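Hi everyone, thanks for coming. Let me put the structure up, and then I'll walk you through it.

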Amino acid sequence: MEPITSVPSAETAIALSVSKTAGASPLAPDRDLAQSVSKAVSHLNEQGFAGEGREITISLDPGTRQPVVKVVDISSGEILRQWPSQYVLQVAEDSKARER
(Lines give C-alpha, C1' and ligand atoms only; values in the text may rest on other atoms or scores of the structure.)
Protein backbone atom coordinates (compact mmCIF):
# COMPACT_ATOMS: atom_id res chain seq x y z
CA MET A 1 0.00 0.00 0.00
CA GLU A 2 1.57 3.26 -1.11
CA PRO A 3 1.05 6.36 1.02
CA ILE A 4 -0.68 9.27 -0.61
CA THR A 5 1.37 12.38 0.03
CA SER A 6 0.61 14.76 -2.82
CA VAL A 7 -2.56 16.78 -2.55
CA PRO A 8 -4.13 15.79 -5.91
CA SER A 9 -3.56 12.07 -5.24
CA ALA A 10 -5.01 12.34 -1.76
CA GLU A 11 -8.04 14.18 -3.09
CA THR A 12 -8.66 11.51 -5.71
CA ALA A 13 -8.15 8.59 -3.33
CA ILE A 14 -10.39 10.04 -0.65
CA ALA A 15 -13.05 10.97 -3.17
CA LEU A 16 -12.99 7.49 -4.68
CA SER A 17 -13.34 5.94 -1.24
CA VAL A 18 -16.23 8.22 -0.32
CA SER A 19 -17.94 7.63 -3.65
CA LYS A 20 -17.70 3.84 -3.30
CA THR A 21 -19.03 4.02 0.25
CA ALA A 22 -21.93 6.17 -0.87
CA GLY A 23 -22.68 3.81 -3.78
CA ALA A 24 -21.74 6.39 -6.41
CA SER A 25 -19.66 5.71 -9.46
CA PRO A 26 -15.91 5.95 -8.72
CA LEU A 27 -15.68 8.24 -11.74
CA ALA A 28 -17.85 10.86 -10.02
CA PRO A 29 -15.87 11.60 -6.83
CA ASP A 30 -16.94 14.09 -4.21
CA ARG A 31 -14.23 16.65 -4.93
CA ASP A 32 -15.26 19.08 -2.19
CA LEU A 33 -14.89 16.49 0.55
CA ALA A 34 -11.63 15.23 -0.93
CA GLN A 35 -10.19 18.74 -1.06
CA SER A 36 -11.26 19.46 2.51
CA VAL A 37 -9.66 16.29 3.87
CA SER A 38 -6.52 16.79 1.81
CA LYS A 39 -6.14 20.39 2.99
CA ALA A 40 -6.70 19.30 6.60
CA VAL A 41 -3.97 16.63 6.37
CA SER A 42 -1.59 19.08 4.68
CA HIS A 43 -2.30 21.65 7.40
CA LEU A 44 -1.66 19.08 10.15
CA ASN A 45 1.68 18.16 8.56
CA GLU A 46 2.68 21.80 8.09
CA GLN A 47 1.92 22.49 11.77
CA GLY A 48 3.88 19.44 12.90
CA PHE A 49 0.84 17.88 14.52
CA ALA A 50 2.28 14.35 14.30
CA GLY A 51 5.54 15.45 15.94
CA GLU A 52 8.98 16.42 14.76
CA GLY A 53 10.21 14.26 11.88
CA ARG A 54 6.80 12.67 11.37
CA GLU A 55 3.97 13.09 8.91
CA ILE A 56 0.41 11.96 8.50
CA THR A 57 -0.48 10.09 5.31
CA ILE A 58 -3.73 8.77 3.90
CA SER A 59 -3.91 5.81 1.56
CA LEU A 60 -6.42 3.23 0.39
CA ASP A 61 -5.90 -0.37 1.36
CA PRO A 62 -5.91 -2.31 -1.93
CA GLY A 63 -7.69 -5.36 -0.48
CA THR A 64 -10.53 -3.60 1.33
CA ARG A 65 -10.57 -0.22 -0.45
CA GLN A 66 -10.81 1.40 3.00
CA PRO A 67 -8.95 4.59 3.88
CA VAL A 68 -5.90 4.09 6.11
CA VAL A 69 -4.37 6.87 8.20
CA LYS A 70 -0.71 6.51 9.18
CA VAL A 71 1.84 8.44 11.18
CA VAL A 72 5.18 7.88 9.43
CA ASP A 73 8.77 8.68 10.41
CA ILE A 74 9.95 10.92 7.57
CA SER A 75 13.61 9.87 7.63
CA SER A 76 13.17 6.09 7.85
CA GLY A 77 9.68 5.62 6.36
CA GLU A 78 8.75 3.50 9.39
CA ILE A 79 5.04 3.37 10.17
CA LEU A 80 4.70 4.52 13.78
CA ARG A 81 0.90 4.32 14.05
CA GLN A 82 -1.81 3.12 11.70
CA TRP A 83 -5.62 3.24 11.80
CA PRO A 84 -7.15 0.74 11.19
CA SER A 85 -4.36 -1.67 12.08
CA GLN A 86 -2.94 -4.07 9.52
CA TYR A 87 -4.54 -6.92 11.46
CA VAL A 88 -8.02 -5.38 11.18
CA LEU A 89 -7.53 -4.78 7.45
CA GLN A 90 -6.45 -8.40 6.96
CA VAL A 91 -9.49 -9.71 8.87
CA ALA A 92 -11.77 -7.51 6.74
CA GLU A 93 -10.11 -8.68 3.52
CA ASP A 94 -10.36 -12.35 4.56
CA SER A 95 -14.03 -11.88 5.46
CA LYS A 96 -14.70 -10.22 2.12
CA ALA A 97 -12.98 -13.09 0.27
CA ARG A 98 -15.16 -15.68 2.06
CA GLU A 99 -18.31 -13.88 0.93
CA ARG A 100 -17.42 -14.42 -2.72
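Helices here are DSSP runs of H or I with at least four residues, strands are E runs of at least two, and both are numbered from the N terminus.

So, some ground rules: this is a predicted model, with local features needing pLDDT of at least 70, side-chain atom pairs counting only at 80 or more, and totals for chains, interfaces and linings using all residues. Residues are numbered from 1 along each chain as its sequence is written, and side-chain values use heavy atoms, leaving out hydrogens and water.

What order do the elements run in, from the N terminus on? They go α-α-β-β-β-α, which comes to three helices and three strands.

Now, the inside. Of the chain's 100 residues, 28% count as buried, meaning under 20% relative accessible area with a 1.4 Å probe, protein chains only (exposed is over 50%, partly exposed in between). The largest nonpolar core has five residues: V41, A50, I56, I58 and V71. Such a core joins buried Ala, Val, Leu, Ile, Met, Phe, Trp, Tyr and Cys residues through side-chain atoms within 4.5 Å.

Last stop, V88: this residue sits in helix α3 (residues 86–99) and is partly exposed, at 44% relative accessible area.
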